[in-house]
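Dear colleague,

Please find the structure below, together with its sequence.

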Amino acid sequence: MIKRPFFGFGKPKLKYPLLEDVPQDAIIELPVPPKVTLLLKRPPLRTDDLILKTGDEVRTGQKLRLVDGSEDYLVSSVTGTIDGISEYIGYLGQRYTSISIDAAKEDEWDHEFSEVGNTPNPETACGFLESLPGGSDFATLLNFQAPVNTVIVYGIDKDLLVTTNQLTVRTGIEALVKGAGYLKEITHAGRMMIVVPPHLTSLAEKSGLQVKAVRPTYPNALPEIVMKDILGEVVQPGKSPEEAGVGFISAEAVAALAAAFTDGKIPVNKIVTVVKKDHSVVNVRTRIGTHVGGILDALHIETEHGDRLVLGGPMMGNTIYSGDIPISSDTDAVMIQGKDQVISNSDTPCINCGECVRACPADIPINMLVRLLENGLFEEAARDYDLLSCIECGLCSYVCTARIPVFHYIMLGKYEFARSESAEDSNV
């Protein structure tokens, strides 16, 4: 998978996995977990303001609103009883409202979506399908203030060792065909295409979408690289692809869209690639909100003190501190690293070897940028050293000879810079 350039001159050659033959049991179906935890990206409100209470009964596929009149909602992935509502602090201090549900073994489906979901349209999509499995925020494709003219479907996975979207193309091409049709009706995009590794191009053509092959070398599947290589467009620093009129959605989300309108049920299952300690992978289908520890128990994967759990792949994933962290709609992978595989970061100063500069696909002067970030000079880093041009591929940390956690410094820098910008805007 990994080839290093001679004498370090050039970019590392990290190869995406290529999913060839797919056996019948390619996806292991996990049973309904005894408990799920759902996360809403907003801090909890006062208990007196909540219309949801501990002890309330919920049904599978039911929209859960915290307060009357709010546009924010969650979808219950199980039938059961609300066990608790609390605050959860996520990566980089992101505040969530956490709703835990004790699940029953059998599903009792809510019928609200089936009563209004016969016709695919933006209102139905926003009202029920904002968090499709495989999609972090389906609503971004429906932002009418910045209309999306081009929709790109991911038939390749962005991180290494992950095979979720390739698996969807391999096993669900019929669903992709239907989902692509629904997606066009909902978004009214003038151009739709699917990006896949070269060996899946002939299969992807059955989707009816324009097919583009992506060279299976990391990080060619990241949105900014796809836009540059395939569309010939460059995302401006600090801007998103959607602001440039280009929306991205995973093949899994497109297939889930087809299932929603075909079955009249909001999809509540997520395909997750589990990367074991020996780097072998297994794909499972589980309920959104299932705890990571529950997946490991179902697969009989044991962990010990010093092992590392990662949500996501090896380059872009986030380390988690507990197996009680839930699977979200956009969790494509869970990776387990044995304690003997974990390479500790160092507080060694930058030795100015230049490896990070050579590896950076955005041509950022990382060696200078990290010096400012280490000293908390976030505005200067954004103004003078292209902090906002980072596409968050993690290659800088991968090649760093001094083992400086460069990627983490960059993520912190972006977060703190956004906070300062928000504070200034609120004071205007």
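A nonpolar core is here a set of buried Ala, Val, Leu, Ile, Met, Phe, Trp, Tyr and Cys residues joined through side-chain atoms within 4.5 Å; buried means under 20% relative accessible area, exposed over 50%, and partly exposed in between (1.4 Å probe, protein chains only). The model is a predicted one, in which local features need pLDDT of at least 70 and side-chain atom pairs count only at pLDDT 80 or more, while totals for chains, interfaces and linings use all residues. Residues are numbered from 1 along each chain as its sequence is written, and side-chain values use heavy atoms, with hydrogens and water left out.

The largest nonpolar core has 52 residues, of which Ile152, Tyr218, Ile366, Leu369, Leu387, Val406 and Ile410 touch the most other members. A second, separate core comprises 35 residues, including Phe113, Val169, Ile186 and Phe261. Leu369 is in contact (heavy atoms within 4.5 Å) with Ile364, Ala381, Tyr385, Leu387 and Ile410, its neighbours within four places in sequence being left aside.

Helices (H or I, at least four residues) and strands (E, at least two) are DSSP runs, numbered from the N terminus. Two strands pair if DSSP finds at least two bridges between them. Four strands form an open sheet in the order E12-E11-E10-E13, with parallel pairing. Its edge strands, each pairing on one side only, are E12 (210–213) and E13 (246–250). Strand E11 (residues 191–196) pairs with E12 over four bridges in the parallel sense, and Val195 stands opposite Lys212 in E12. Helix H4 (residues 173–187) lies across E10 (150–154), E11 and E13, and runs at about 145 degrees to E11. For such angles, axes are lines fitted to C-alpha atoms, for helices over the stretch in contact, and angles run from 0 to 180 degrees between N-to-C directions.

Helices H3 (residues 164–171) and H7 (residues 251–263) pack at about 45 degrees, with their axes 8 Å apart. The two helices are therefore oblique to each other (angles under 35 degrees count as roughly parallel, over 145 as roughly antiparallel, 65 to 115 as roughly perpendicular and the rest as oblique). In this contact, Thr164, Asn165, Thr168 and Val169 of H3 meet Ala251, Glu252 and Ala255 of H7.

Finally, Asp332 lies in the loop between strands E17 (318–320) and E18 (333–337). Asp332 counts as partly exposed because its relative accessibility is 23%. Not counting residues up to four places away in sequence, Asp332 touches Val162, Thr164, Glu252, Lys270, Ile271, Val272 and Thr273.

Yours sincerely
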